[in-house]
Amino acid sequence: MTIKIGQVGLGRLGRVHAENIVHHLPNAELYAVASVVPEELDYAKHTLGVPYTYTSYSQMINNDALDAVVIVSPSGFHTVQITQALDKGLHVFSEKPLGLEMTSIQKVVEKIEATPQQVFQLGFMRRFDDSYRYAKQLVDQGELGALTTIRCYGIDPSEGLPSFIKFAKGAASGGIFLDMSIHDIDLIRWFTQSEFKSVYALGHNIAAPELNACQELETGACLAELNNGVIAYLLAGRNAHHGYHVETELIGTKGMIRIGNAPEKNLVTLYDANGVVRPTSTHFPERFKAAFVNELRAFIDAIKTQAPASVTGIDGLKSTEVAIAMQQAYETKSIIQL
Ligand code: NAI
């Protein structure tokens, strides 16, 4: 049976998911899309061959032929759209973050847990990246001994900064910790199998003073302690001039691992007048190309095998709770205990 998907959102990431469903998921069909941008609907209809297009999400999920939704709308819509889809009996894949504030997140997690026969998966795609999966395997096998320290960098390319500043003037991302650090929070929980105990955070807009007026940060940094004693340092930024820099360092009692210490595009090394150059990946669709396909494949497999998904509502709730605590630590200049 082919799983019929309705997707909301065809923006920066929505387009990636839509193309992956159409071109890389033989067991799924992109049956309907919803967007408020007419050109995006035209693209879906004419380029991707999507049979049904809607300007309203509520209308789309009234299409009785649908089995599942993929939610790639702005973060503030996630909890409402997840709830509506679950009420319709649909399986749900939702982009991160699960939501922007805890009351609605708690309610949506209760709903997810009350409907276990419907698969719910959250879009923490780094867990589906080959390098991260390999590192996780090594950690779980005990190759590093006991984990002691984790350092995470998540820095967007500077070429995206002007469009982020434009976006930040009109809409809320939830802040840099909810928008960006949340991926690293999830990785830390995944690698350590432990929860955050306390966080302290700092931030600034030295590289983008215009963001001061939008209550947004270009750089946000956090020092955290986990319940098992691991120390974590998380740096999120929006101004990497060399490309899309996602790097994770895991230090253990017997060794250490670095994932993505240079954001390499591929195996090419260029030798020219600039010296020895390793070209870099320029944004998330490139760096996590395979991971985005893998996570949706896992979602479809979970529906077909009636198995629970590996990234749950609780993962969304816990990571959001930590990101909100980081924001609060930054705003109040104090250590927040979770
Ligand atoms: P975007 O702003 O580029 O696109 C938003 C899309 O939602 C547009 O297609 C717009 O038409 C649609 N939309 C907005 N309001 C709507 C409404 N009321 N009804 C129906 N459609 C509506 O956003 P972007 O950057 O693609 O982000 C979308 C989500 O994906 C966010 O939650 C973001 O956090 C997440 N994201 C995750 C990434 C990851 O690494 N996993 C990377 C980038 C984004």
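Tutor: Around the ligand there are 26 residues, of which Leu10, Arg12, Ser35, Glu40 and Ser75 come nearest, where a residue is near a molecule if one of its heavy atoms lies within 4 Å of it. This is a predicted model, in which local features need pLDDT of at least 70 and side-chain atom pairs count only at pLDDT 80 or more, while totals for chains, interfaces and linings use all residues. Residues are numbered from 1 along each chain as its sequence is written, and side-chain values use heavy atoms, with hydrogens and water left out.

By class, the shell around the ligand holds 12 nonpolar, 9 polar and 5 charged residues; here Ala, Val, Leu, Ile, Met, Phe, Trp, Tyr, Cys and Pro count as nonpolar, Asp, Glu, Lys and Arg as charged, and the others, Gly among them, as polar.

Several polar contacts (pairs of N or O atoms within 3.5 Å) can be described atom by atom. A backbone N or O atom of Leu10 lies 2.7 Å from a ligand oxygen atom, and a polar backbone atom of Val36 is 3.1 Å from an oxygen atom of the ligand. On its own the ligand has 860 Å² of accessible area, and the protein covers 83% of that, as computed by the Shrake-Rupley method with a 1.4 Å probe.

For the setting of these residues, UniProt lists residues 3–119, in an unreviewed entry, as "domain: Gfo/Idh/MocA-like oxidoreductase N-terminal", and such annotations may be inferred rather than shown by experiment. Over residues 3–119 the chain is 42% helix and 21% strand, with the end C-alpha atoms 12 Å apart; helices (H or I, at least four residues) and strands (E, at least two) are DSSP runs, numbered from the N terminus.

Helix α1 (residues 14–24) has Gly14, Val16, His17, Ala18, Asn20 and Ile21 as its buried residues, buried meaning under 20% relative accessible area with a 1.4 Å probe and protein chains only. An α-helix has 3.6 residues a turn, so residues three or four places apart point the same way. What covers the buried residues of α1 includes the strands β1 (3–8), β2 (28–34), β4 (68–71) and β5 (91–94), together with α9 and α10 (289–305), contact meaning heavy atoms within 4.5 Å.

Methods:
A polar contact is a pair of N or O atoms within 3.5 Å; within protein, one must be able to donate a hydrogen and the other to accept it, and residues adjacent in sequence count only if both atoms are side-chain atoms. Buried means under 20% relative accessible area, exposed over 50%, partly exposed in between (1.4 Å probe, protein chains only).
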